[in-house]
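Work through the exercises below with the sequence and the 3D structure open beside you. Try each task before reading its solution.

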Amino acid sequence: MRVKVLTPLAVALGLMAAGPASAQGVVKIGVIEAMTGQQQSTGVQTLAAMRLYMQQHGDTVAGKKIELIVKDDGAVADNAKRLAQELIVRDKVNVLVGFAVTPTALAVAPLATEAKIPTIVANAGTSIITERSPYLLRTSFTLPQSSVIIGEWAAKNGIKKVVTIVSDYAPGADSEKTFTEAFTKGGGQVVEALKVPLAAPDFAPFLQRARDASPDAVFVFVPSGQGATFVKQFIERGLDKAGIRIIGPGDVTDDDLLNGMGDQVIGTVTAHMYSADHPSELNKKYVEAFKKANNGLRPNFMSVGGYDAMHLIYEALKKTNGDTNGDKLMAAMKGMAWESPRGPISIDPETRDIVQNIYIRKVEKKNGELYNVEFATFEAVKDPGKAKK
Amino acid sequence: MRGPDVSTSAKLASAISAQFTARARWSPLEVLFWLAALATIWLAPDHHLILTEIVIWALLALSLDLILGYAGIISLGHAAFFGIGAYTAGLLAKHALVSEPVLALLVSGAAGAAFGFLTSFLVLRGTDLTRLMVTLGVALLVREIANRAAWLTGGADGLQGIGMEPVLGLFRFDLYGHTAYAYSLVVLFVLFVIARRIVGSPFGLSLQAIKGNPLRASAVGIGQTWRLVGIYTLAAAYAGVAGGLLTQTTAFTSLESLSFDRSADALLVLIIGGTGHLYGGLIGAVVFRFAQDWISAATPQYWQFWIGLFLVLIVLVGRDRIGSWVAPVRRLADRVSDWRAWRRPPAVEPTAPGEGGRP
Amino acid sequence: MVTILFDGIAYGMLLFVLAAGLSVTLGLMNFVNLAHGAFAMAGGYAALVVVNRLGVPFGLGLVAAFLFSAALGALLERTLYVHVYAKSHLDQVLFTIGLVFMSVAIVDYTMGSSQQFIAIPPVLQGQITVLGIGMSKYRLMIIVICGVLTALLQLGLTRTRFGSRLRAAVDDQRVARGLGINVGAVFALTFALGSGLAGLGGALGAEILGLDPIFPLKYMIYFLIVVTVGGTSSITGPFLASLLLGIGDVAGKYYVPQLGAFVIYTIMIVVLIWRPQGLFVRKGAR
């Protein structure tokens, strides 16, 4: 397509304004991830999984060679937007993947629309993201998916009073809102809603406040990486002894950090879409290969977002016979369904969001290591944030 | 004995005035520099995005140079003004208060200047260390305010949904950044020319006197307070414009524009290019951004290491010594600009009184 | 209520141990060391390695943290810092920011990017209740250790020969040299001590502050606030400032969580304007 540049200046300069055209036989995938900063574990996990997929499935699809161009945005939206623009204009990428946090995905959305580049959100989990551009898809999860499930589950399982503690940014607000709705509909009561600053948190004062409200459980959402600190301080403060349980989306018992949390975390119940313990043949192979390729690092729920994003790209290219036209790729990706290490998943053709199983898990010790062990499954959950509309 | 006295002072006056004229004259090297910058509009259309960013860094570093290089104030919080400008431009565009970019940019600069004026009184007092901490503290405070005032600024999610109108109603911002680059470059050039005039003026020279020796400066009757307030406010306005440019060219802004990293990087950019000669920030921005681009493409995870190593080496080797390595270049520049053969120190009678001795 | 106070004190004490070294380098040696947090991080990771990987007891891990950071401090002081003492504050700022960036990348490369925890013995886990007040055992230990350290530090600076040498070297280097004091060695030792304390603080604080590669950047600001508010002419100033900051921060988050970090930054700026040399300055100090 041609970008219509109406500026007389640009016309006078005679600048070429060709749309994204790839070099012969190469499909370029621009990866925008947080490789530095507070969210870097997300970037490391996602990229490792993407590389693993390429290693397992070869780097040639439908006669095209796949090339990754990795850029570090440090989870900063300004950088993400600039890098995306550069990747589109200068490197002429065909697909964008990544986005460790919601703001980065939101910032890139207008560019995806303007350049008609399929953009796959592999990590960020705020519901609204995919509504911001018709070229956005998601292979991670939405926070309402797991928040609503855990809310319903909690209300049915003897939890009456809850204090919510969430990080103070869009995903936090999302998960708090949807949890509260589901939980109160089921007859529960949220006695206090606390918001924690995103950066450098000492949870102690918030936990103390939660304790003083003496609820049955604390609902918590903190970004991947902060969960361990939270659980430690939760126990240090004796909230577990006071009979308070932790519930929430699975971010808090992140597989990546679970073993560092100590045995006190055993018994924590969360709802999420992936556990390294998921009992499928595919997942066992995935975990084994991932660990082998990354010094024994255990894959977490962020990694599968990257793995499935690559799968989506590979399969879409097979469908289009290697055609990298943005609209054709989008058409191929919509509605695709496959078996992921996390279980069966698909892309909702209408919302371009992910549809997947949400599992209720409990932390247990297996072979000397801590795992989120799944004990109940809610099948094919669509994003409740959109289903309502 | 009055006669000769008058004539010496007249001669001195004309010499000084000649000196000012010489300072104001553009050397061929400078002309070449700006012609090269202009040429990139046509010659490097694929790099306009990174070039736009360089221009914005250059403007921010130029602003920092005004206070560090010319008034000797160390600041670790210059991002405060940058961010205020960025959010001003963003809010103006988002709520269509002032939709024409150039006008909005002026407002951004004014917002930066207003805040600079208010905070300038805080940095007048105290030692380097106090200034460091105060500027840092002010920047942190502003960032925290922006973070808390999510209803206005979008908080940690950034200011979403900014739609930019065409510049002067004519030039639309395009995906490839052509308009953005040309626009930013023009802004930089205009502001550079103004800054050049100001630092070459008696006001600029008096600032350098204060920087060199505050005690002596006040002894010869150069009052400090208002001069420092003035330059600080001016620098803040420049930083505000730089921030406004960033928002306008990317149609987005976030807390990052107020972060400590931005203040530190601005300092780094200026140091790379050298302080106290206006071009430092410009050259530094070019080097910094291309180096960063290149290193982070090679090792996305560890680029900070090389930036850090670079800083450590700069200090250990000594900035003066690095300055002396480029001295031959500068001397060459001087010689080229001396081709009119009359650029001489003052106090001696001017060789070309006809030119220099305006009554 | 009292629990909040208790938490605040523990947090403040921890900040003090972390920042004490900085107040010495900044106040006594007039050197702006923004890389102070890097030494704290080094200590934290040293403890992590010996405790988690080598199975050394936690207490010894703390000692290891102190020694490792002190050694690292001494090494860097002798090889690098010594060249920068005489330079301008601007150079010092640039130099130490450079070190911070390098340390972040090095730790990221060698130790990985995710947050890590030092395994603490079961004895220190959980809470004890004294007079109906719930106190975390770990925080209680922090208070005890930091309290003892503070006392030792105060005694060391005022009562020992080394302390008086240090103060002499700071007051007038040339005269001190003339009196046969080896100023370079005194500075190196002081620097090592300060870094060691930071390392110990980093190891102790891993449980509360977390331990990841960006630690030096995250907490730099807190250390600087402690030193600015406390002034740099004595140990008691920063100590009181740390307590104030710790209690203020924790209480602020408990009672008015909406305000967040406002309170602290505002205090810092007000103090700087009102008393540019810090709140707790000895009369007649420079």
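The exercises concern a predicted model, and each task is followed by a worked solution.

**Exercise 1. Confidence**

Task: Find where confidence is lowest and where it is highest among the elements of chain C, and state what ipTM and pTM the predictor gives the complex.

Solution. 
- Step 1. Begin with the complex: the predictor assigns an ipTM of 0.78 and a pTM of 0.81.
- Step 2. Turn to chain C, where the average pLDDT is 81 and 91% of the residues score at least 70.
- Step 3. Go through the elements of chain C. Helix α3 (residues 58-79) of chain C has the highest confidence, at 90, and strand β1 (residues 127-130) of chain C has the lowest, at a mean of 72.
- Step 4. Over residues 282-286 of chain C the pLDDT stays under 50, and the model has 3 contacts beyond four places in sequence for them.
- Step 5. Apply the general rule: where pLDDT is low, the predicted coordinates should not be read in detail.

**Exercise 2. The overall form of chain A**

Task: Why does the radius of gyration of chain A agree with that of a compact globule?

Solution. 
- Step 1. Take the length. For 389 residues, a compact globule would have a radius of gyration near 21 Å.
- Step 2. Compare: chain A has 21 Å, so the two agree.
- Step 3. Along the principal axes, the C-alpha atoms of chain A fill a box of roughly 70 × 45 × 35 Å.
- Step 4. Of the 389 residues in chain A, 62% are buried.
- Step 5. Check how the chain contacts itself. Of the contacts in chain A between residues at least 6 apart in sequence, 70% join residues at least 24 apart.

**Exercise 3. Two domains in chain A**

Task: Which elements give two or more residues to the side of domain 1 of chain A that touches domain 2 of chain A?

Solution. 
- Step 1. The domain assignment gives domain 1 as 8-141 + 281-352 and domain 2 as 144-272 + 358-387 of chain A.
- Step 2. Count the contact, which involves 17 residues of domain 1 and 18 residues of domain 2 of chain A.
- Step 3. Name the elements on the domain 1 side: α2 (40-57) and α11 (301-319) of chain A. The most comes from α2(A), with 3 residues.
- Step 4. Sort this side by class: 4 residues are nonpolar, 11 polar and 2 charged.

**Exercise 4. Strands in chain A**

Task: What is the order of the strands in the open sheet of 6 strands in chain A, and in which sense do β14 and β15 of chain A pair, parallel or antiparallel?

Solution. 
- Step 1. Note the inventory: chain A has 13 helices and 15 strands.
- Step 2. Read across the open sheet. The order is β2-β3-β1-β4-β5-β6 (chain A), and the pairing is mixed. At the edges are β2 (60-61) and β6 (136-138) of chain A, each of which pairs on one side only.
- Step 3. Examine one pair inside this order. Strand β1 (residues 26-33) and strand β4 (residues 95-98) of chain A are parallel, over 4 bridges. Here Val31(A) is opposite Val97(A) in β4(A).
- Step 4. Now take β14 (residues 354-366) and β15 (residues 369-381) of chain A, which pair in the antiparallel sense over 10 bridges. Lys362(A) is opposite Val373(A) in β15(A).
- Step 5. Look at the link. β14(A) and β15(A) form a hairpin with 2 residues between them, and Asn367(A) in the turn has a positive phi of about 50°.

**Exercise 5. Contacts with chain B**

Task: Which element gives the most to the side of chain C that touches chain B, and which gives the largest share of the side of chain A that touches chain B?

Solution. 
- Step 1. For chain A, 34 residues are in contact with 31 residues of chain B. The elements giving two or more residues to the chain A side are α1 (8-13), β3 (64-72), α3 (77-89) and α4 (102-115) of chain A.
- Step 2. The largest share is that of α3(A), with 7 residues. By class, this side has 21 nonpolar, 4 polar and 9 charged residues.
- Step 3. For chain C, the contact takes 34 residues from chain C and 31 residues from chain B. At least two residues each come from α4 (89-111), α9 (215-230) and α11 (262-274) of chain C.
- Step 4. The most comes from α4(C), with 17 residues. The chain C side divides into 25 nonpolar, 6 polar and 3 charged residues.

Technical notes. Residues are numbered from 1 along each chain as its sequence is written. Chains are lettered from A and ligands numbered from 1 in the order in which they are written. This is a predicted model: local features need pLDDT of at least 70, side-chain atom pairs count only at pLDDT 80 or more; totals for chains, interfaces and linings use all residues. Two residues are in contact if their C-beta atoms, placed from the backbone, lie within 7 Å. Ala, Val, Leu, Ile, Met, Phe, Trp, Tyr, Cys and Pro count as nonpolar, Asp, Glu, Lys and Arg as charged, and the others, Gly among them, as polar. pLDDT is the predictor's confidence in each residue, from 0 to 100. Domain bounds come from an automatic or database domain assignment. The radius of gyration is taken over C-alpha atoms; the globule rule is 2.2 Å times the number of residues to the power 0.38. A residue is buried if 20 or more other C-beta atoms lie within 10 Å of its own, exposed if 12 or fewer, and partly exposed in between; C-beta atoms are placed from the backbone. Two strands pair if DSSP finds at least two bridges between them.
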